[in-house]
Amino acid sequence: MSSLLTMNQLTNEEIFMILEDAEQYRLGKGWKPSNMLFVSNLFFEPSTRTRFSFEVAEKKLGLEVLNFSSEHSSVQKGETLYDTIKTLESIGAHAVVIRHQNDHFFEDLIGKVSIPIINAGDGCGHHPTQSLLDLLTIKQEFGGFKDLTVSIHGDIRHSRVARSNAEVLIRLGANVLFSGPSEWHDPLNIHGKYVDVDEAIEKSDVVMLLRIQHERHDQKTSVENYLAQYGLTKEREKQMKNHAIIMHPAPVNRGVEIESDLIECGRSRIFKQMENGVFARMAVLKRAFQQSKQKQEVIKHVICS
């Protein structure tokens, strides 16, 4: 399958292959397509890191980037997502990268379009390329995942990062702990155990903090005392294991989920995650185009036989 929609569509072998390709890109090696390829980035939600990380990845691979603005597109005239993608496919796009506010937006597209779809985040659903860059960052630090303890803190219920990461980390042999306000516990995310924030931080090799997703809450959530009750303070940072690291998918709300001074401390890998995002997305795009080409060659062979 040349599209990447969720992490659970990838086998462990495919995940390690993508991570190895990403590492090769980080070292300055890698693959570029031999012919001109067009890719379109369709972002229906605000994004800085993911959007520009994809764009840098695409340009490093030598791809032609078709940027899309929903505010200035036929979406404003009522065009559906399906018709937008069919239009891009018809005029020559070879792949689309989509961030959308709806969970599982891709379910209405599967089997209906011929070009790869890369999910850049769907509502509260999945964020596979964020998960891959997180895995790359953890692997660089610890060499693997088996028996590591990774705690995920905060707005678990509304986090596509928590959903994507918990499932794959358990599958790769890590232990996952959750902590956060009880109203944000997610009964549908069964890949972890809920514990008190202090217990989670003391036991973890990786402390992964999440942004509060105000835009997905029915009512405005107060952040008063959130840092003291659930966040990573300087006092809690002192309770971390000596080798433990801090991660956060960003954007970071300084002084809310993490004390501002800790964002760039020696334990923090937050900006390393952003750097790795470019390499992980280069590897995902490579996979998409290589598998798409193989599929086209099979179709051509069948037609010509």
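## A walk around H127

Set aside the neighbours within four places in sequence, and H127 is in contact (heavy atoms within 4.5 Å) with T50, R99, A120, G121, R160, V161, S164 and R281. Before going on, note that this is a predicted model, where local features need pLDDT of at least 70 and side-chain atom pairs count only at pLDDT 80 or more, while totals for chains, interfaces and linings use all residues. Residues are numbered from 1 along each chain as its sequence is written, and side-chain values use heavy atoms, with hydrogens and water left out.

So where does H127 sit? Look in the loop between strand 4 (117–122) and helix 4 (128–142); helices (H or I, at least four residues) and strands (E, at least two) are DSSP runs numbered from the N terminus. H127 has a relative accessible area of 3%, so it is buried. Here buried means under 20% relative accessible area, exposed means over 50%, and partly exposed is in between, using a 1.4 Å probe and protein chains only.

Beyond its neighbours within four places in sequence, Q130 is in contact with V161, P249, Q273 and R281. Helix 4 as a whole is largely enclosed by the rest of the structure, because eleven of its 15 residues are buried. Among those buried residues are P128, L132, L135 and I138. The length works out as well: at 1.5 Å a residue, helix 4 should span 21 Å, and its end C-alpha atoms are 21 Å apart, which agrees. (That expected span is 1.5 Å times one less than the number of residues.) Just after helix 4, G143 takes a positive phi of about 85 degrees.

D147 is exposed, with a relative accessible area of 55%. Its phi is near 70 degrees, a positive value in a residue that isn't glycine.

Now for R49, which belongs to helix 2 (residues 49–60). With 29% relative accessibility, R49 counts as partly exposed. R49 and A250 are 201 residues apart along the chain, yet their C-alpha atoms are separated by 8.0 Å. Leaving out neighbours within four places in sequence, R49 is in contact with P249, A250, P251, M274 and R281. The peptide bond from A250 to P251 is cis, with omega near 5 degrees. P251 itself lies in the loop between strand 9 (245–247) and helix 9 (270–304).

What ties these residues together? UniProt, in an unreviewed entry, lists R49, T50, R99, H127, Q130, A250 and P251 under "binding site". R49, T50, R99, H127, Q130, A250 and P251 are included in the lining of the largest pocket. UniProt positions are given in the numbering used here, feature names are shortened, and annotations may be inferred rather than shown by experiment.

A pocket is found on a 1 Å grid over the protein atoms alone: it is an open set of points where a 1.4 Å probe fits, with protein on both sides within 12 Å along at least five of seven lines, and lining residues have an atom within 4 Å of a point. The largest pocket is lined by 20 residues, of which R99, R160, R211, A250 and P251 lie nearest its centre. Helix 2 and helix 5 (160–171) each supply at least two residues of that lining.
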